[in-house]
Amino acid sequence: MAYSNNNVCDHLSLGLCPCTTTTTIETKFLNSSNKKRKLKQQATDDRATKKKTKKKKRCNDDIGRNWGYSTKLMLYDDPWKVKKVLEKSDVDHSSRLLLDKNLVEDLMLPVLSVNAAKEIQMKIWDIDTKSMHSLKLKRWGSGSYVLIDGWVRDFVARRGLQKGDEIGLHWDRYNRHFNFTVFQIFKPIKIDK
């Protein structure tokens, strides 16, 4: 709704306002100044469009970098990127936790600031029991990665882990160590005959 008050209008429009009365001379002046304004606005819009396309290209290039954050809006981003359902070999006498090669190379090695060393000493905080542990991340000749030197003692035996349990690791960038948790404890269903 627009109204006039001492020839001042609060009507939002570009060009001639329907609320005020203007003379022929004022109309010519307004029309010529409106044309200039429109030309200036069009030039500004063209420049802004070019800048936006440049920014979009630059932004798309940045997404490929491993900076650890994104400018995309997300409702929830699960920090527990390294998850595993334990296999029999992870909890038996093999004394090691086998980790996916891609997860280690993409998510663990970059935060440890190493490329592909043979062995890396890692600190791991068990957030469920509030205890710190030290394990070695080792690369086997086959290219696979394992956590050894205390895996069975500090995690399997102490926490009572079994085949089918789901665990997770995530990097705590403030304390500079990995956090460990047990997500789901596997409970087999007993069927009575």
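**Helices, sheet and core**

Helix 3 lies across strands 3, 4, 5, 6, 7, 8 and 9, and runs at about 160° to strand 3. Keep in mind that this is a predicted model.

- Seven strands make up an open sheet with mixed pairing, in the order 3-8-9-5-6-7-4.
- Strand 3 (82–85) and strand 4 sit at the edges with a single partner strand each, so one side of each has no neighbour in the sheet.
- From one strand to the next, the twist averages 30°.
- Strand 6 and strand 7 run antiparallel and are joined by four bridges.
- Helix 4 also lies across part of this set, namely strands 4, 5, 6, 7, 8 and 9, at about 125° to strand 6.

**The largest nonpolar core**
- This core has 25 residues, and those touching the most other members are Met122, Ile124, Leu137, Leu147, Trp151, Leu161 and Phe180.
- Among the elements that each supply at least two core residues are helix 3 (101–108), helix 4 (151–159) and strand 5 (119–126).
- Leaving aside residues up to four places away in sequence, Met122 touches Met108, Leu112, His133, Ser134, Leu135, Leu137, Leu147 and Phe178.

**A closer look at Val146**
- Val146 is part of strand 7, and Lys138 stands opposite Val146.
- Val146 counts as buried because its relative accessibility is 0%.
- Leu99 is 47 residues away along the chain, yet its C-alpha atom is 5.7 Å from that of Val146.
- Beyond residues up to four places away in sequence, Val146 touches Arg96, Leu97, Leu98, Lys136, Leu137, Lys138 and Trp140.

Conventions:
Residues are numbered from 1 along each chain as its sequence is written. This is a predicted model: local features need pLDDT of at least 70, side-chain atom pairs count only at pLDDT 80 or more; totals for chains, interfaces and linings use all residues. Side-chain values use heavy atoms; hydrogens and water are left out. A nonpolar core is a set of buried Ala, Val, Leu, Ile, Met, Phe, Trp, Tyr and Cys residues joined through side-chain atoms within 4.5 Å. Buried means under 20% relative accessible area, exposed over 50%, partly exposed in between (1.4 Å probe, protein chains only). Contact means heavy atoms within 4.5 Å. Two strands pair if DSSP finds at least two bridges between them. Axes are lines fitted to C-alpha atoms, for helices over the stretch in contact, and angles run from 0 to 180 degrees between N-to-C directions.
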